[in-house]
Amino acid sequence: MFPAYFPADSANRDTKHILFGAPADQGVPYNNPYALLLRGHKTSSESRVLAQIELNQGLNFITNGLNFHGIFSTNRYSYFDSNLAYKPFYYNVGSYNKTNNTYTLTWLNQKPGSTSFLPRYV
């Protein structure tokens, strides 16, 4: 139905983001599976270390019947979380010139400061 992404047109040559394709359906773009794959990820790891050491020592060489008993315990917990999120920029072909095979792209996302539609995600 649409390309995964567009090569930059003349108006978007210096654009630093991927120009994801998505046809407009009543002002709301379809989901682009490629864009959804690149939206981001979350990585986390968790570890817990519990250690206990017990020491029993007879001290009969000092005094008969003298004993030492000691217990040391520690609990270590760590958690690491990393999030990467990217809001895809969706485009559609605004106009196409068949003669010289050039096109212009129309940005489908909500413009900054605008109250128009937001992209639909499933």
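Two residues are taken to be in contact when heavy atoms of theirs lie within 4.5 Å, and the legends below use the word in that sense for a predicted model.

**Figure 1. Overview of the chain and its order of elements.** The predicted model contains one helix and seven strands, which follow one another from the N terminus in the order β-β-β-α-β-β-β-β. Among the contacts in the chain with a separation of 6 or more, 55% are accounted for by residues 24 or more positions apart. Of the 122 residues in the chain, 17% are buried, and the accessible surface of the chain comes to about 9300 Å², with 55% of this surface belonging to carbon and sulfur atoms.

**Figure 2. The hairpin formed by β6 and β7.** Strand β6, which spans residues 89-97, and strand β7, which spans residues 102-107, run antiparallel and are joined by six bridges. One of the residues to look for in this view is N97, whose bridge partner in β7 is T102. Four residues lie between the two strands of the hairpin, and in this turn N101 has a positive phi of about 55 degrees.

**Figure 3. The aromatic pair of Y5 and Y34.** The count of aromatic pairs comes to three. In the pair made by Y5 and Y34, the ring centres are 6.2 Å apart and the planes stand at 40 degrees, so the pair is classed as tilted; the angle falls between the limits of under 30 degrees for stacked and over 60 for edge-to-face. Together with F20, the residues Y5 and Y34 form one aromatic cluster.

**Figure 4. A nonpolar surface patch that includes Y5 and Y34.** The patch has an area of about 480 Å² and is made by Y5, I18, Y34, L37 and L38.

**Figure 5. K87 and its spatial relation to A35.** K87 is found in the loop between β5 (67-85) and β6. Because its relative accessibility is 45%, K87 counts as partly exposed. Although K87 and A35 are 52 residues apart in sequence, their C-alpha atoms are 8.8 Å apart in space.

Figure 6. S73 is found in strand β5 and is exposed, because its relative accessible area is 52%, where the cut-off for exposed is over 50%. When residues up to four places away in sequence are not counted, S73 touches A51 and Q52. For S73 and A51, the separation is 22 residues in sequence, and the distance from C-alpha to C-alpha is 5.7 Å. As background to a view of a strand residue, in a regular strand the side chains alternate between the two faces of the sheet.

Note on methods
Residues are numbered from 1 along each chain as its sequence is written. This is a predicted model: local features need pLDDT of at least 70, side-chain atom pairs count only at pLDDT 80 or more; totals for chains, interfaces and linings use all residues. Side-chain values use heavy atoms; hydrogens and water are left out. Buried means under 20% relative accessible area, exposed over 50%, partly exposed in between (1.4 Å probe, protein chains only). Accessible areas come from the Shrake-Rupley method with a 1.4 Å probe; for residues, only the protein chains shown count as cover. Two strands pair if DSSP finds at least two bridges between them. Rings of Phe, Tyr and Trp (its six-membered ring) pair if their centres lie within 6.5 Å; planes under 30 degrees apart count as stacked, over 60 as edge-to-face and the rest as tilted. Patches are made of residues with over 30% relative accessible area and no salt bridge: like charges are joined within 9 Å, nonpolar side chains (Val, Leu, Ile, Met, Phe, Trp, Tyr) within 5 Å. A salt bridge is a side-chain nitrogen of Lys or Arg within 4 Å of a carboxyl oxygen of Asp or Glu.
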